[in-house]
Amino acid sequence: MTGVAEQAVTTPDSRHQAARQGTPHQDTLSRYRRACDYLSAAMIYLRDNVLLHEPLRREHLKPRLLGHWGTCPGINLVYSGLNRLVRRSGQRTILVTGPGHGAPAIHANLWLEGTHAEYDDALRRDGSGMAELVRRFSWPGGFPSHLSPEVPGVIHEGGELGYALATAFGAALDDPELLVACIVGDGEAETGPTAASWQCTKFHDPATDGSVLPILHLNGHKISSPTVYASMDDEELVAYFHGCGWSPYIVDVTKAGSPDAALGEAMDWAHAEIAGLRDRWARGEHRGRPVWPMIILRSPKGWGAPDYDASGTPLAGTFHAHQVPLDAAHSSDEELRLVEAWLRSYRPEELFDESGRPHDDVLGVPPSGQVRLGAAARTNGGLLRDDLPLPELESHAVDVPEPGGARAGATPVLGEWLAELMRRTEDRRDFRVMCPDELNSNRLGAVLNATPRAASWPTDEYAEHFSSGGRVMEVLSEHLCQGWLQGYLLTGRHGVFPCYEAFVSIVDGMVNQYAKFLKMAREVHWREPVASLNYLLTSEGWRQEHNGYSHQGPGFINNLLNKKESVSRVYLPPDANTLLVTMRRCLASTDLINVVVAGKNSSPQWLDLDSARQHCRAGAGIWEWASTDGGGEPDVVLACAGNIPTTETLAAVSLLRSSAPELRVRVVNVVDLLTLSPNEKHPQGMTEADFEACFGAEVPVVFAFHGYPSAVHELLHGRTRPNRFHVHGYLEEGTTTTPFDLLASNRMSRYDLAAAAVSRARGWSSLGGGVAEELARTRDRLLARAYRDGEDPPEFTEWQWAG
């Protein structure tokens, strides 16, 4: 153990504990681990003869040997140690497993503690249940090779490595009596998100939040090479983590007489440290920022596997034990013999009776009831989720006497509404904002009048709105924000993730994994719905006065369109009132990933609150007040989706009213992007009849879209005559320039839209050409003035809808 600040040992506060159930003897813990290791290995290799009542034959092996043995023994040691801690202290605990490929270990423990059987009687704790457990792993229709939502107690799959620790911290927020143990593999420790996650304690409040106990598992190797952290000696590890604000305790099982006793001592120390820290914090006796305990566990890779395979290749303690150590057992008699000898080395006949039921002392190691790691209610967060007390919108809505008759910034209006929601949830503490250092920049600063930014470290005199216990989590790491919010939502709470649109793609991989989790969770009968993951994307690429090309990237929308239709939603509210209606809808929804793209700058407001509700309910609709088709068949449809495309579209209509007054134009605004999809492909999609009522059956459509044109074309696939849609959007042209220049360079200016409309309109092929050329000349004259003057001309900046 390495001592650093904040290490006075105290007895855990009994107010934070459930009933104590006694401490298993270390010999019993060793037998329990043998049972877990045996079951873990059996899951990788066996389809039959799971108790080895017969000599092992090839027909007993699974046809495909799949899985990852290397990390399983270490996970079993940790799980056993946590069982001991919970039985001794009654501490309510959940486990987040970063190396999710060690799923056999988790399944073994869930089977022995009886949680598997509670959800599926076929997995009861007898020979039949054992055989089913072993057969089901990595078997078609069974359990996948990694952790997944079908597995009780799981809130993190651990497939894509890097954010187990951030997820653990999110799960611990606003639940002061909870301990979240988190296994971080030494391969995962090399990732950028994990490197950032070691700073999470600086945002964690010992008074209002639960505790996170990281267990850095160093088994030395990744899939084919050594790991960075395992190559560091103890002194280097202690110095590194001390610098990150942790107090490490190193357990090396190769030097311990009893691995269970050594880990048990470390966990007892950590639990006492946590209790002491929290007690001092509650009494106001803390000095500086809190220093939390962590455990560094060294164990051999593939601990317990044979030393060598049939060819003499070393296995245990090397990267060769990462996946299936003896993968030639189907073709090699010697490797089949080695597999059998390895499995028999656990002496299963001493651990299970003839029928396959584990002996009583083994069954007595896990705690009982809801304090079992796999049975914790927090890991099925929908059971604990309460609907948010969402404020009504009337007192926050913008007064819009007529379309274009008011100006406002959409996100500043929303910020006041979110601030009221923060106040309404002050006592409940089940709503947070996770934001990568951009709350004020995104014009949501009103939220800080209701709650400060979370901080448990000393700040300088210039820091504003910082305090321990704050419910705005602001850090310049999109990975941390995503991990925090995932852990928070999956344990039954609610939140919003505001972000610069261009940089939310940093978490593309994370949202991919989360979408898979939600999709699978919907198919698990006992998983209750959790609050939706809500992204609020602002600082969109069309307005980047202080920034440039690097800040222009709407591709996150495209990523979401590739997700299962049961999970993804994309909204593009055109003004403040539609943003209010949309966010209220999103915060009331469950099991979805909602992406809302909104403007932050002052802009024209189009719809009063009642009209905004009606429009958002439909998802898309004709704006008759802007159309010039008199309710009849139009010559062309001008459609738009997004704040700035909507303004440009309406400005294009104004241009056409003067330059082509006889052109019949219909204006359609889309707020729910998925309505464009055929309804047989997406539940949000419009029926063909509704679609034609908006866009006509054969009318040319010029579509001004916020993002990449490919997104709209993808959604229209399957619609009748989709080639009549001509989509204008972001074309990867940009720099630090004026808004008008940015629009024109991407063919999205009002002049480009009007020219496209008059050129493509039915019956205007000859007359429209001249009008379009004049519109282009006007555009170019205005651009020349912008280049000359360094700012956009008044014709652009002072434009107003004339009605």
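**Pocket, aromatic pairs and selected residues**

In this predicted model, the largest pocket holds about 350 Å³ of space, where a pocket is, on a 1 Å grid over the protein atoms alone, an open set of points at which a 1.4 Å probe fits, with protein on both sides within 12 Å along at least five of seven lines; the grid points are joined across faces, edges and corners, and the volume is the space filled by probe spheres set on them. The lining of the largest pocket, made of residues with an atom within 4 Å of a point, comprises 21 residues, of which R407, R543, S602, T647 and F796 are the closest to its centre. Two or more lining residues are given by each of β15 (602–605), α18 (643–659), α21 (739–745) and α24 (794–797), and α18 provides the largest share, four residues; helices (H or I, at least four residues) and strands (E, at least two) are DSSP runs, numbered from the N terminus. By class, the lining has seven nonpolar, seven polar and seven charged residues, with Ala, Val, Leu, Ile, Met, Phe, Trp, Tyr, Cys and Pro taken as nonpolar, Asp, Glu, Lys and Arg as charged, and the others, Gly among them, as polar.

Residues are numbered from 1 along each chain as its sequence is written. Side-chain values use heavy atoms, without hydrogens and water, while local features need pLDDT of at least 70, side-chain atom pairs count only at pLDDT 80 or more, and totals for chains, interfaces and linings use all residues.

Aromatic pairs, defined for rings of Phe, Tyr and Trp (its six-membered ring) whose centres lie within 6.5 Å, and classed as stacked when the planes are under 30 degrees apart, edge-to-face when over 60 and tilted for the rest, number 26. One of these is the tilted pair of F691 and F695, with 4.8 Å centre to centre and 40° between the planes. Because F691 and F695 are four residues apart in helix α19 (residues 688–695), they are separated by about one helical turn, and both are buried, a class that means under 20% relative accessible area, against over 50% for exposed and values in between for partly exposed (1.4 Å probe, protein chains only). Ring pairs also link F169, W198, Y229, Y240, F241 and W246 into a cluster.

F137, in the loop between α5 (127–136) and α6 (164–172), is buried, with a relative accessible area of 0%. Leaving aside neighbours within four places in sequence, the contacts of F137 (heavy atoms within 4.5 Å) include M43, I44, K62, L66, F143 and P144.

T451 is placed in the loop between β7 (431–435) and β8 (453–454) and counts as buried at 6% relative accessibility. The side chain of T451 reaches the backbone nitrogen of R471 at 3.0 Å, and, not counting residues up to four places away in sequence, T451 touches M422, G470, R471 and V472. R666, found in strand β18 (residues 665–670), is buried at 8% relative accessibility, and its side chain is joined to that of D629 by a polar contact of 3.2 Å, that is, a pair of N or O atoms within 3.5 Å in which, within protein, one must be able to donate a hydrogen and the other to accept it, residues adjacent in sequence counting only if both atoms are side-chain atoms.

Most residues other than glycine have a negative phi. E732, in the loop between β20 (725–728) and α21, has a positive phi near 65° and is partly exposed at 35% relative accessibility. R747, in the loop between α21 and α22 (750–760), has a positive phi of about 55° and is partly exposed, with a relative accessible area of 44%.
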